[in-house]
Amino acid sequence: SSGINAEYGVAFSIGQVMLHKRYNYTCVVYGWDERCQSGAAWQIRMGVAALEHQGNQPFYHVLADNESERYVPQENLVPFRAVVQHSNMGKYFTLFDGERFIPNSALRSVYRYLPE
């Protein structure tokens, strides 16, 4: 068993460009957890309990267009077409193919299944 609940399974992929529905910034996914892995204090501060699926949904590590790195619940993200600039892009990706960022070999080794 993969441990991924089909209903709240990981819907977005590494390198995918996203829009944050609430805060309106663009970002690129560079990692994910099947459930929120942040501690209780962070979850309280970030209002995770107020989310529809709370911490019981995938959370994504993203590089945001304002140079920040964020940890975002799946319900707040939607796929988006944009080129995102971030100084750490080269740490995770080799190139942008016009739709998505292509992960480097180090990132591929962490996330076994990645579409070509």
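**From the order of elements to the buried cores**

From the N terminus on, the elements of this protein run β-β-α-β-β-β-α-β-β-α, which amounts to three helices and seven strands; helices (H or I, at least four residues) and strands (E, at least two) are DSSP runs, numbered from the N terminus. The model is a predicted one, in which local features need pLDDT of at least 70 and side-chain atom pairs count only at pLDDT 80 or more, whereas totals for chains, interfaces and linings use all residues. Residues are numbered from 1 along each chain as its sequence is written, and side-chain values use heavy atoms, with hydrogens and water left out.

Of the 116 residues of the protein, 44% count as buried, where buried means under 20% relative accessible area, exposed over 50%, and partly exposed in between (1.4 Å probe, protein chains only). The protein exposes about 6,700 Å², and carbon and sulfur atoms supply 50% of that area, as computed by the Shrake-Rupley method with a 1.4 Å probe, for which, in the case of residues, only the protein chains shown count as cover. Among contacts (heavy atoms within 4.5 Å) with a separation of 6 or more, residues 24 or more positions apart account for 52%.

Five strands form an open sheet in the order β4-β3-β2-β1-β5, with antiparallel pairing; two strands pair if DSSP finds at least two bridges between them. Because β4 (69-73) and β5 (77-79) stand at the edges, each with a single partner strand, one side of each is left without a neighbour in the sheet. From one strand to the next the twist averages 50 degrees, taken between N-to-C directions on a scale from 0 to 180 degrees, with axes that are lines fitted to C-alpha atoms. Strand β3 (residues 59-64) pairs with β4 in the antiparallel sense over five bridges, and H61 stands opposite Y71 in β4.

Strand β1 (residues 17-20) includes V17, which counts as buried because its relative accessibility is 1%. Leaving out residues up to four places away in sequence, V17 touches C27, V28, V78, P79, F80, A82, V84, F96, E99 and F101. V17 and L77 are 60 residues apart in sequence, yet 9.6 Å apart in space, C-alpha to C-alpha.

In soluble globular proteins, nonpolar side chains tend to be buried together. A nonpolar core is here a set of buried Ala, Val, Leu, Ile, Met, Phe, Trp, Tyr and Cys residues joined through side-chain atoms within 4.5 Å. The largest such core has 22 residues, of which C27, V28, L77, M89, F93 and F101 touch the most other members; β1, β2, β3 and α2 (89-92) each supply at least two residues of this core. Apart from it lies another core, of six residues, among them C36, W42, V48 and L51.

Two loop residues deserve a look at the backbone. Most residues other than glycine have a negative phi. N24, in the loop between β1 and β2 (26-33), has a positive phi of about 60 degrees although it is not a glycine, and N24 counts as exposed at 60% relative accessibility. Q54, in the loop between α1 (40-45) and β3, also has a positive phi, near 45 degrees, and Q54 is partly exposed, with a relative accessible area of 42%.
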